[in-house]
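Take a look at the picture, then work through each task.

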Amino acid sequence: MGGGNNARLTENSVENEYAFRDKVLRNKKYKLYFNAKRRPEKFFNLFNDPKEINNLIDSLNT
C-alpha cells in the first residue's frame with residue numbers, strides 16, 4: 001500500500017485511505033494514465049515512445 005496513504009486494517013481487509021488514486025491501464029503497446037477523478041490524463045504508445053515523452057491524450061477521440 002506504500003506511498004504514505006495511511007492504509008488501515010478493517011474487518012473487511014486492508015483498506016487504502018483513498019477511494020480512488022491515480023491508476024494506470026496498460027498492455028504491451030499502450031499505457032493510459034487516469035487521475036484521481038477517474039479521467040484519462042496521459043496516453044503513450046510504448047513501442048514508438050518507450051520513455052513516455054509524447055503524450056497522445058489530445059489525439060484521442062473522447
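**Exercise 1.** How much of the accessible surface of the protein chain belongs to carbon and sulfur atoms?

*Solution.* Start with the total, about 5300 Å², computed by the Shrake-Rupley method with a 1.4 Å probe. Of this surface, 48% belongs to carbon and sulfur atoms. Keep in mind that the model is predicted: local features need pLDDT of at least 70, side-chain atom pairs count only at pLDDT 80 or more, and totals for chains, interfaces and linings use all residues. Residues are numbered from 1 along each chain as its sequence is written, and side-chain values use heavy atoms, leaving out hydrogens and water.

**Exercise 2.** Describe the aromatic pair of Tyr30 and Phe43.

*Solution.* Rings of Phe, Tyr and Trp (its six-membered ring) pair if their centres lie within 6.5 Å; planes under 30 degrees apart count as stacked, over 60 as edge-to-face and the rest as tilted. The structure holds 2 such pairs. For Tyr30 and Phe43, the centres are 5.2 Å apart and the planes meet at 15°, so this pair is stacked. Tyr30 lies in strand E4 and Phe43 in strand E5, 13 residues apart; strands are DSSP runs of at least two residues, numbered from the N terminus.

**Exercise 3.** Is Phe43 buried or exposed?

*Solution.* Buried means under 20% relative accessible area, exposed over 50%, and partly exposed in between (1.4 Å probe, protein chains only). Phe43 has 14%, so Phe43 is buried. Tyr30, at 31%, counts as partly exposed.

Conventions:
Helix = DSSP H or I, 4+ residues; strand = E, 2+ residues; numbered from the N terminus.
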